[in-house]
Amino acid sequence: SGECEYYKKAVMQEEALSAGLVDLSAAIKDSEEAVSQVRKALRKANRVLDAKNRDPLSGLLNRAGLMERLEEALGRAAEANVDLSRVMLDLDRFKEVNDSYGHLAGDAVLAAVGRRLAAGLRRDDFAGRWGGEEFFAVLIGTPRQGALAIAQRLRESVSRLSVQADEGR
């Protein structure tokens, strides 16, 4: 009889533990689903924020996004006592492109320049479209002489660009 009571108790405890595990498993699944929903919402918010800070033609940061990132970079560079160089780039004869080939061709040039600038920068550096045909690059950890060399390399790279438009290259 005592042994029977012991087994009844053990079975009840096992049933209670099993029920608790089922409840815990359900709670974990609910939590995972909630985390998944929060991640989706964050990705969507990041896409909206990124779109707000991106120039649709060049694919680079727009002026507002550029200023925001520059302010952050200046603070971090000052804290870490690291050089930070800035380079302004302006496309010569861009008005001639728009006048001769049309604004769609000008848009294609801005897109090509944006891709070329992005490809020519290091991972921590960034660039944006300042406005019109002006671009601005921020070079983290780069002293003046290094920035001059990078600016020259970017200038040469952009000058070699050839963009196909309806009216020609």
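**Figure 1. Asn-62 in the loop between α1 and α2.** Asn-62 is placed in the loop between α1 and α2, the latter helix spanning 63-80. Helices (H or I, at least four residues) and strands (E, at least two) are DSSP runs, numbered from the N terminus. This is a predicted model, in which local features need pLDDT of at least 70 and side-chain atom pairs count only at pLDDT 80 or more, while totals for chains, interfaces and linings use all residues. Residues are numbered from 1 along each chain as its sequence is written, and side-chain values use heavy atoms, with hydrogens and water left out. Asn-62 counts as buried because its relative accessibility is 17%; buried means under 20% relative accessible area, exposed over 50%, and partly exposed in between (1.4 Å probe, protein chains only). The side chain of Asn-62 reaches the backbone nitrogen of Ala-64 at 3.2 Å. Such a polar contact is a pair of N or O atoms within 3.5 Å; within protein, one must be able to donate a hydrogen and the other to accept it, and residues adjacent in sequence count only if both atoms are side-chain atoms.

**Figure 2. The salt bridge between Asp-55 and Arg-129.** The structure holds 4 salt bridges, each defined as a side-chain nitrogen of Lys or Arg within 4 Å of a carboxyl oxygen of Asp or Glu. In one of them, the side chains of Asp-55 and Arg-129 meet at 2.9 Å, N to O. Asp-55 belongs to the loop between α1 and α2 and Arg-129 to strand β2 (residues 126-131), so the pair ties together parts that are 74 residues apart in sequence. Both residues, Asp-55 and Arg-129, are buried. For Arg-129 the relative accessible area is 15%. A polar atom of the Arg-129 side chain also lies 2.8 Å from the backbone oxygen of Gly-132.

**Figure 3. Salt bridges of Arg-122 and Arg-123.** Arg-122 pairs with Asp-125 in a salt bridge whose closest N and O atoms are 2.8 Å apart. Arg-122 counts as partly exposed, at 42% relative accessibility, whereas Asp-125 is buried, with a relative accessible area of 7%. Arg-123 and Asp-124 meet through their side chains in a salt bridge of 4.0 Å, N to O. Here Arg-123 is exposed, with a relative accessible area of 77%, and Asp-124 is partly exposed, at 48%.

**Figure 4. A patch of positive charge on the surface.** Five named residues form this view: Arg-39, Lys-40, Arg-43, Lys-44 and Arg-47 gather in a patch of positive charge on the surface. Patches are made of residues with over 30% relative accessible area and no salt bridge, like charges being joined within 9 Å and nonpolar side chains (Val, Leu, Ile, Met, Phe, Trp, Tyr) within 5 Å. Lys and Arg count as positive and Asp and Glu as negative, while His and the chain ends are not counted; the place of a charge is taken as NZ of Lys, CZ of Arg, CG of Asp or CD of Glu. Lys-44 lies in helix α1 (residues 2-52). Lys-44 counts as exposed because its relative accessibility is 54%.

**Figure 5. A nonpolar surface patch.** Leu-21, Leu-24 and Ile-28 make a nonpolar surface patch of about 300 Å². Accessible areas come from the Shrake-Rupley method with a 1.4 Å probe; for residues, only the protein chains shown count as cover. Ile-28 has its place in helix α1 and counts as partly exposed, at 43% relative accessibility.

**Figure 6. Separations from Glu-3 and Glu-32.** Glu-3 lies in helix α1 and is exposed, at 57% relative accessibility. The C-alpha atoms of Glu-3 and Ser-85 are separated by 82 Å, the two residues being 82 residues apart along the chain. Glu-32 also lies in helix α1 and counts as exposed, at 52% relative accessibility. Between the C-alpha atoms of Glu-32 and Lys-9, which are 23 residues apart along the chain, the separation is 34 Å.

**Figure 7. Positive phi at Asn-81 and Arg-93.** Although Asn-81 is not a glycine, its phi is positive, at about 55°. Asn-81 is found in the loop between α2 and β1 (84-90) and counts as exposed, at 72% relative accessibility. Arg-93, a residue other than glycine, likewise has a positive phi, near 60°. Arg-93 is found in the loop between β1 and α3 (94-101) and is exposed, with a relative accessible area of 59%.
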